Amino acid sequence: MIRINQLKMPLGHDRASLLEKAARVLRVPSGEIEKLTIVKQSVDARKKPDIWYSYVVDIGIRQAGLQKEEKLVRRLKDRNVAVHKEAPYRLPEPGTECMAGRPVIIGTGPAGLFCGLMLARKGYMPILLERGEDVDARTDRVARFWETGQLDPSSNVQFGEGGAGTFSDGKLNTLVKDTFGRNREVLRILTEFGGDPSILYVNKPHIGTDVLSRIVKSIRTEIEKLGGQVLFQSQVTDFVTEGEPGESRRIKALVVNGSQVLEAETVVLAIGHSAR
């Protein structure tokens with residue numbers, strides 16, 4: 001693929017004109033472009049009233065191998081044009097040692113849900129514990145709080161299925177510099193469960209709380225279909241460990257809601273705001 005950076009287009013343009021512009025930059029007939037993928041779209045308003053869209057696009061040339069692409073890029077001598085090798089995110093390979101029990105994930109915010117989904121798709125049948133309520137019950141709880149001021153300490157804007165971001169309009173931007181492709185994989189999975197495909201390239205995307213709520217439920221349903229469990233109103237209040245003094249202690253179980261004991265040797269703490 002050939003990547004073009006800073007491809008400027010006027011407001012109101014269509015995809016065909018974007019393709020034509022890319023062809024002019026590469027100095028090839030537009031019919032030679034087999035595929036155009038928008039990697040990023042942002043708004044350039046630095047010189048008002050002139051406002052432009054600025055794109056990063058990946059271009060596939062018909063019957064062009066890597067050598068032909070490199071030759072074309074060298075000929076152009078344009079710093080905004082380069083050969084790009086796509087490296088999609090891949091999960092680490094599973095281990096070879098059998099686990100004694102099912103993995104347990106504490107929290108169903110973004111980290112917990114995605115961890116649960118990945119483990120479920122690999123056949124681990126994880127158990128997810130969430131101190132708050134499911135997203136529908138939580139939404140009703142939050143609405144009552146705005147009306148009455150009555151706060152449930154375990155299920156509110158901060159705590160519950162989907163995490164704190166559920167009620168922040170579904171903002172999806174991050175400042176994390178990720179070289180492994182995880183950020184894009186997260187966005188891809190969100191589109192798989194109902195997110196608009198534009199979130200893959202729009203600068204600082206958001207999908208709205210209403211859409212995000214449906215996506216969160218869909219991810220939970222997928223986890224459960226694959227043998228996982230999601231338990232709400234289940235707050236981890238203590239850990240049971242074993243090991244001799246001076247040695248590394250191993251976790252053996254979790255205490256839930258102060259009394260219920262859940263055996264667990266593999267635990268993921270996806271605890272978000274409750275870490276405070």
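**Close-up 1. Salt bridge between Glu242 and Lys252.** In this predicted model, the side chains of Glu242 and Lys252 meet in a salt bridge, with N and O 3.9 Å apart (a salt bridge is a side-chain nitrogen of Lys or Arg within 4 Å of a carboxyl oxygen of Asp or Glu). Glu242 belongs to strand β8 (residues 236-242) and Lys252 to strand β9 (residues 250-256), so the pair ties together parts that are ten residues apart in sequence. Helices (H or I, at least four residues) and strands (E, at least two) are DSSP runs, numbered from the N terminus. Glu242 is partly exposed at 30% relative accessibility, and Lys252 is partly exposed at 28%. Buried means under 20% relative accessible area, exposed over 50%, and partly exposed in between (1.4 Å probe, protein chains only). Residues are numbered from 1 along each chain as its sequence is written, and side-chain values use heavy atoms, with hydrogens and water left out. Because the model is predicted, local features need pLDDT of at least 70 and side-chain atom pairs count only at pLDDT 80 or more, while totals for chains, interfaces and linings use all residues.

Close-up 2. Arg188 is partly exposed at 35% relative accessibility, whereas Glu185 is buried at 17%.

**Close-up 3. Salt bridge between Arg46 and Asp44.** The N to O distance in this pair is 2.8 Å. Arg46 is exposed, with a relative accessible area of 74%, and Asp44 is buried, with 11%. The count of salt bridges comes to 13.

**Close-up 4. Strand β1 with its partners β3 and β4.** Strand β1 (residues 2-10) pairs with strand β3 (residues 50-61) in the antiparallel sense over seven bridges; two strands pair if DSSP finds at least two bridges between them. Leu7 stands opposite Tyr55 in β3. Strand β4 (residues 81-83) is joined to β1 by three bridges, and these two strands also run antiparallel. Here Ile4 stands opposite Val81 of β4.

**Close-up 5. Open parallel sheet of four strands.** The strand order is β7-β6-β5-β11. At the edges are β7 (229-231) and β11 (267-269), each pairing on one side only. From one strand to the next the twist averages 15°. Strand β5 (residues 104-106) and β11 run parallel and are joined by three bridges. The bridge partner of Ile106 in β11 is Leu269.

**Close-up 6. Helix α3 on the sheet and against helix α6.** Helix α3 (residues 110-121) lies across β5, β6 (127-129) and β11, running at about 165° to β5. Axes are lines fitted to C-alpha atoms, for helices over the stretch in contact, and angles run from 0 to 180 degrees between N-to-C directions. Helix α6 (residues 209-225) packs against α3 at an angle of about 30°, with the axes 9 Å apart. That makes α3 roughly parallel to α6 (angles under 35 degrees count as roughly parallel). The contact (heavy atoms within 4.5 Å) is made by Leu113, Gly116, Leu117, Ala120 and Arg121 of α3 and by Val216, Ile219, Glu222 and Ile223 of α6.

Technical notes. Angles under 35 degrees count as roughly parallel, over 145 as roughly antiparallel, 65 to 115 as roughly perpendicular and the rest as oblique.
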